[in-house]
Amino acid sequence: MKKALQKRKIKELLVTAQVGAQAYVQGWVRTKRASKNVMFIALNDGSTLHNLQVVATAEQLSEATLQSITAGASLCVEGVLVASQGQAQRVELQANKISVLGTAVDYPLQPKRHSFEFLRDIAHLRFRTNTFGAVFRVRHAVSYAIHQFFHERGFAYLHTPIITGVDAEGAGEMFNVTTLEAGQAPRSPQGDVDYSQDFFRQKTHLTVSGQLEAEAAALGLAEVYTFGPTFRAENSNTARHLA
């Protein structure tokens with residue numbers, strides 16, 4: 001019985017894979033180029049910003065498969081790694097079998113630079129762009145380094161409350177959190193909103209700081225740190241404020 005190939009990450013293949021090795025990958029199509037006899041597919045699986053070039057000949061693919069392989073389509077590809085003829089990558093995958101897991105109709109991401117305004121309208125696809133892919137990889141690396149730094153020095157990481165009834169610093173506006181219907185909230189005899197009928201039985205907000213909880217925790221755990229998130233409701237559109 002033939003042993004099934006184990007799925008490999010594209011990042012790993014591009015760096016360590018040897019020419020002549022069998023490979024099985026999954027990913028989505030970033031771009032494709034097709035001629036009469038051959039198709040070149042730029043495949044990405046999210047493990048790296050770089051794509052794996054997949055080469056497939058027309059006789060290997062049915063007409064239905066050819067029509068399904070468009071930008072954004074999800075594929076499984078089995079094949080053999082060969083030395084790339086281009087300079088953009090060390091190896092490419094000569095496909096023996098391509099299975100289409102999911103098709104993409106009117107896929108909005110094109111091989112060009114898109115504005116942030118455009119990407120806000122397709123937030124679920126932003127992570128497939130080079131810009132957001134790079135940003136979130138950098139954020140991951142920075143977060144990991146910070147956690148590692150404090151862990152190695154004996155600090156305890158606190159998950160401070162995101163929803164709170166306390167204005168920790170008394171500075172800045174806070175976002176209100178409520179389950180009461182806007183314009184239909186119950187009122188007290190004085191005409192104020194009756195938060196005793198709200199989910200938390202009191203007025204609550206998104207926290208502006210974890211400092212208050214950290215100060216209390218430090219009295220029991222000695223060395224602590226928090227990592228947010230925190231929220232400020234004032235309209236501060238500056239380089240130091242991210243909405």
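These are my notebook entries on a predicted model, taken feature by feature.

**Ground rules.** I count residues from 1 along each chain as its sequence is written, and I work with heavy atoms for side-chain values, leaving out hydrogens and water.

Entry: I started with the strands. My labels are DSSP runs numbered from the N terminus: E for strands of at least two residues, H or I for helices of at least four. I call two strands paired if DSSP finds at least two bridges between them. In general, strands of a sheet pair through backbone hydrogen bonds, either parallel or antiparallel.

In what order do the five strands of the closed barrel run? I read E1-E2-E3-E5-E4, with mixed pairing. The twist from one strand to the next averages 55°; angles like this run from 0 to 180 degrees between N-to-C directions, with axes fitted to C-alpha atoms.

I then looked at E5, residues 91-102, which pairs with E3 (residues 52-57) in the parallel sense over two bridges. Val54 has Leu93 of E5 as its bridge partner, and Val55 stands opposite Gln94 in E5. Strand E4, residues 74-83, pairs with E5 in the antiparallel sense, over ten bridges. There I found Leu81 opposite Leu93 of E5.

**Entry: the open sheet.** Next came an open sheet of three strands, in the order E7-E9-E8, with antiparallel pairing. E7 (163-164) and E8 (176-177) stand at its edges with a single partner strand each, so one side of each has no neighbour in the sheet. E7 runs antiparallel to E9 (residues 204-206), and two bridges join them. I looked up Thr164 and found its bridge partner in E9 to be His205.

**Entry: helix H4.** How many residues does H4 have? It has 23, covering residues 130-152, and reaches 33 Å from its first C-alpha to its last. That is close to the 33 Å expected at 1.5 Å a residue, where the expected span is 1.5 Å times one less than the number of residues. Just after H4, Gly154 takes a positive phi of about 85°.

Entry: A reminder to myself: most residues other than glycine have a negative phi, and most peptide bonds are trans. Asp106, which is not a glycine, has a positive phi of about 55°. Asp106 sits in the loop between E5 and helix H3 (116-120). Is Asp106 buried or exposed? It is exposed, with a relative accessible area of 72%; my cut-offs are under 20% for buried, over 50% for exposed and partly exposed in between, with a 1.4 Å probe and protein chains only.

Arg201 also has a positive phi, near 65°. Its place is in the loop between E8 and E9, and Arg201 is exposed at 57%.

Which peptide bond is cis? I noted the one from Gly228 to Pro229, with omega near 5°. Pro229 belongs to the segment after strand E10 (224-226).

**Entry: salt bridges.** Side chains of opposite charge can pair when their charged atoms come close. I count a salt bridge when a side-chain nitrogen of Lys or Arg is within 4 Å of a carboxyl oxygen of Asp or Glu. The structure holds three.

- Glu12 meets Arg8 at 2.9 Å, N to O. Glu12 is partly exposed at 35%, and Arg8 is partly exposed at 23%.
- Glu117 meets Arg120 at 3.8 Å, N to O. Both lie in helix H3, three residues apart, about one turn of the helix. Glu117 is exposed at 52%, and Arg120 is exposed at 53%.
- Arg153 meets Glu152, with the closest N and O atoms 3.9 Å apart. Arg153 is partly exposed at 43%, while Glu152 is exposed at 55%.

Conventions. Predicted model: local features only at pLDDT ≥ 70, side-chain atom pairs only at ≥ 80, totals over all residues.
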